[in-house]
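Subject: Handing over a structure, with notes

Dear colleague,

Please read them with the structure open beside you.

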Amino acid sequence: MVAAGVPPAKAKKPRLPALDALRFFLIAYIATGHFVAFATPDKFLLAFFSQINVVVGAFFVISGYVAAYTSTELNAYEATMSRLEPALKWSVARVMGFYPLFLLIQVVFTPMFAFADMTYNGLKATLLHALMTFTLVQAWFPMKAELWNAPTWFLSALAFSMFVLPYALKPLAEMKKVGLKKAFLALTVISCIAKLAYTYDVPGALGLLEGMGKHPNLVFFNVMRFNPFYAVLEVLTGAVACRLVMTDNAPDRTMEQRKEDGAVGALTAPFTLAVAMVGLLAARAFAFVNGVTLPVNDMIVRGFVFIPLWCLFLMQVHRATVSSESNGGLTEILAKPFLVFLGGLSFPLYLLHGPLGQLFYKKVIAKQMFGATMASYFGYKFFPVYVGITVLCSYYLTKVMAFAPFQNACKALGESTYKLLSA
């Protein structure tokens, strides 16, 4: 019995190990997509894995989902203000969760990046590009977003989102189910309007499988996929999706409402939703291989179908994880220790697969190092070796992350950055 005047203890949040495994599957797909041309000549596989501009939105969603889970209260309509205030400190802490390791990889591979940049663009441009990438502002430049370590444009867009998010989490946390559903709809509609504008204004954009072939308006397409403002929409969508689950058992919810909210079977079961998302990518690839032009493109599929499905999938995985009536299934598989371990490799894999891919496959670099690219020497046979090297290096990078001096350096960098920005 709670004594008078003493607030009830806040609900403890259970861990969601399946989310770690999902990160691994996402980065495995995207990393494969970046270098699939060196892995196979099969047209279906090339088309299937080329849809990275559809799938990458899932990373923004899961980032918002986790941020909301850790910074708002379970079964209550409130934010965890002890975490969110001051907002700048929260944002810097989130950015420092990934920036130090990014910085380490950036420094290690700077000679390689700079050599290639100098070869094509000269000294002045190389210095400017170094500044843009080290400060993570490259995503604002449509034709320069993939400078140096190309996949890290994502971190550029995510960093901006993390400075927006603390101001949005408090009002989102205070919303009840109806408000959250309206917010989810509004964010989805805004995102989709932008994608419709791109599709309408670019002749030939409708029907494109953007990863296969030349794009008719690369600047507009790059704005759609790189610009941090669009990333914010997907990060916020993930935060709203999380809050929809975290309020399932709020005190004002009836038992009937709680039972209805927590249902994870039938068409909304995680396995069914996973099949739907994979099937969507496969169907587009199958159509492309057979010469069928579907009246969609990567951006339309991402905004109208894939992201809503992914949000529902995350919500149902979350519910299945915490439900006392869960009977295993896909969520239980995703929580297996080995998959969670692979999830721990996902961020190092993300950072390393681009530089290592350049080392082995980019002509200007590979010729200097090996005399020719690995594709020239070994064809498709080298790709499994590249994957193995990347996974092994990622594993040892996790050891560096756990090294006390590295953690102390991360802490010092975060503190100095906060002092600088708050001055």
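The notes below go from the whole chain to single residues.

Please keep in mind that this is a predicted model, in which local features need pLDDT of at least 70 and side-chain atom pairs count only at pLDDT 80 or more, while totals for chains, interfaces and linings use all residues. Residues are numbered from 1 along each chain as its sequence is written, and side-chain values use heavy atoms, with hydrogens and water left out.

The protein has 21 helices and zero strands, where helices (H or I, at least four residues) and strands (E, at least two) are DSSP runs numbered from the N terminus. Its C-alpha trace spans about 75 × 55 × 45 Å along the principal axes.

The largest nonpolar core holds 120 residues, of which Phe98, Phe154, Leu155, Phe306, Trp310 and Phe313 touch the most other members. Such a core is a set of buried Ala, Val, Leu, Ile, Met, Phe, Trp, Tyr and Cys residues joined through side-chain atoms within 4.5 Å. A second, separate core of seven residues includes Ala194, Tyr198, Ala205 and Met224. Phe154 itself, not counting residues up to four places away in sequence, touches Val56, Phe59, Phe60, Ser63 and Tyr350.

Phe383, in helix H20 (residues 383-401), counts as buried because its relative accessibility is 11%. Leaving aside neighbours within four places in sequence, Phe383 is in contact with Phe35, Phe38, Ala39 and Tyr361, and its C-alpha is 9.7 Å from that of Ala37, which is 346 residues away in sequence. Ala409, in helix H21 (residues 404-422), is partly exposed at a relative accessible area of 45%, and its C-alpha is separated by 8.3 Å from that of Pro100, 309 residues apart along the chain.

In helix H18 (residues 363-370), Val364, Ile365 and Ala366 are buried, and the buried residues of H18 pack against helix H7 (99-134) and helix H17 (346-361). Just after H18, Gly371 takes a positive phi of about 95°.

Asn75, in the loop between helix H4 (57-71) and H5, has a positive phi near 60° although it is a residue other than glycine, and Asn75 counts as partly exposed at 23% relative accessibility. Trp148, also not a glycine, has a positive phi of about 55°; Trp148 lies in the loop between H7 and helix H8 (153-173) and counts as buried at 9% relative accessibility. Finally, a cis peptide bond with omega of about -5° joins Glu85 and Pro86, and Pro86 is found in the loop between helix H5 (81-84) and helix H6 (87-95).

With best wishes

Conventions:
Buried means under 20% relative accessible area, exposed over 50%, partly exposed in between (1.4 Å probe, protein chains only). Contact means heavy atoms within 4.5 Å.
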